Amino acid sequence: MRRRPLLGAIALAATVTLSAAACGSSGGDSSASGKKTITIGFQGVLSGDNQQLGLNALYGMRTAIAEVNADASSPFELKLVESDDAGSADQGPTAAQKLIDNSKVVAVVGPMFSGATKASEPNYTEAGLLSVSPSATNPALTTLGFKTFYRVIAPDTVQGKAAADYVATVLKAKTVYSLDDKGDYGTGLSGALEPELKAKGATVIHDGINPTKDYTSEATKIIAAKPDVLYYSGYYAELALLSKALKDKGFAGKIVSGDGALDPQYVAQAGAAAAEGTYLTCPCGDANSDPKAAAFVASFKKVNNGAKPGTYSGEAYDATLALVDVFKQLGADVSRESVLKAFPSVNHQGITKTIAFEPSGEVKGSNVFIYQVKNGQIAVLGNTTDLIKS
């Protein structure tokens, strides 16, 4: 999936019926059906090597919008405006400003990657435009004074601790090579992982490497350290290249990574042999194997040409429907200001969790799950709490 065009986005344009009517910032004009139209934005990674994570979230959002617009009892229709930041901190502010400058946009789902989120949020705060991330996990994001930022996924303080407990307790690792991508996501995750590993008695070797196309020298360093486990804090495109380099050099330890690598594209890009056995952690469950999410999975496939939900699909779906709850509550008074004021008290029973927030903007409660690549497929092993107990 290297720099391939957004075929999914093109194909889906005819699949999801989104109102084309204009929408004012105070609630919107009428659609062809006579209903008020409300416009919401999406900011995320829709191009580049890691774009599948962005498409997963976008498709989840489109699923929620299609359901609302097909509901005859809904008092409004939704329109979606997309903005691609390529997962880049450099492109984040420009992508955010595109949505901010569209006065019809009353709320945004996104940004997604932590670096792009950190760079974009000052713009959203200044504009008074609510942004709800389905995926940005850097712990510091809710401590930087952003007035309009919420996230429906647990921060890496939660994932890092649970991942460390699993690595130390279940994988019984004595020495862990903790490698991050030097970005906001990677350093946030490794920074939460390493103290807990040390507390569990593991020896931690820390290193950081900027994303590159050649991990040969890094693989040599890792193998020389003879760790039981390599934990990579970064995204799937880079982990794929690193795993291939490690496989080529005969690495004998276990490879573990976080939610940024949890996508079938990791297996596709690394190759089944290099990816086999890799463990992946995520503060997100697998909708495809959750009986309670069966209706969502069916709806998602119908809207998105048979595609299955992926990492962050459920979170983006839940974030969108949490916004819908707020819109319904506000009635005729839907504006940036009213949505921002009402959203902190939302209580939406989603498919991933109940969407309700702490005053900090953190979602209340979360679980961390372990996945593993088996026979070329990513399978969920279970909740870390249950796996550690067993």
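Q: How much accessible surface does the protein have, and what part of it belongs to carbon and sulfur atoms?
A: First, keep in mind that this is a predicted model. Its accessible surface comes to about 14800 Å², and carbon and sulfur atoms hold 51% of that.

Q: How do you know whether the radius of gyration agrees with that of a compact globule?
A: Set the two values side by side. For 390 residues, a compact globule would have a radius of gyration near 21 Å. The protein has 21 Å, so the value agrees. As for its extent, the C-alpha trace spans about 65 × 40 × 40 Å along the principal axes.

Q: What share of the residues counts as buried, and what makes a residue buried?
A: The cut-off is under 20% relative accessible area. By that test, 58% of the 390 residues are buried.

Q: What share of the contacts joins residues at least 24 apart in sequence?
A: Taking contacts between residues at least 6 apart, 69% join residues at least 24 apart.

Q: How many helices and strands are there?
A: The protein has 14 helices and 14 strands.

Q: What is the order of the five strands in the open sheet, and how do they pair?
A: The order is E2-E1-E3-E4-E5, and the pairing is parallel.

Q: Why are strand E2 and strand E5 called edge strands?
A: Strand E2 (76–84) and strand E5 (149–151) each pair on one side only. Across the sheet, neighbouring strands are turned by 25° against each other on average, direction ignored.

Q: What makes E1 and E2 a pair?
A: Pairing takes at least two bridges. Strand E1 (residues 36–44) and E2 have nine, in the parallel sense, so they count as paired.

Q: Which residues touch the most other members of the largest nonpolar core?
A: Phe327 and Phe343 do, in a core of 101 residues. H12 gives the most to this core, with ten residues.

Q: What is Phe343 in contact with, leaving aside its neighbours within four places in sequence?
A: Heavy atoms within 4.5 Å make a contact. On that basis, the partners of Phe343 include Leu130, Val132, Tyr150 and Phe357.

Methods
Residues numbered from 1 in each chain as written. Predicted model: local features only at pLDDT ≥ 70, side-chain atom pairs only at ≥ 80, totals over all residues. Heavy atoms only, no water. Helix = DSSP H or I, 4+ residues; strand = E, 2+ residues; numbered from the N terminus. Axes fitted to C-alpha atoms, helices over the stretch in contact; angles between N-to-C directions. Core = buried A, V, L, I, M, F, W, Y, C linked by side-chain atoms within 4.5 Å. Buried < 20%, exposed > 50% of the residue type's maximum accessible area, 1.4 Å probe, protein only. Rg over C-alpha atoms; globule rule 2.2 N^0.38 Å. Areas by Shrake-Rupley, 256 points an atom, 1.4 Å probe, with all protein chains shown as cover.
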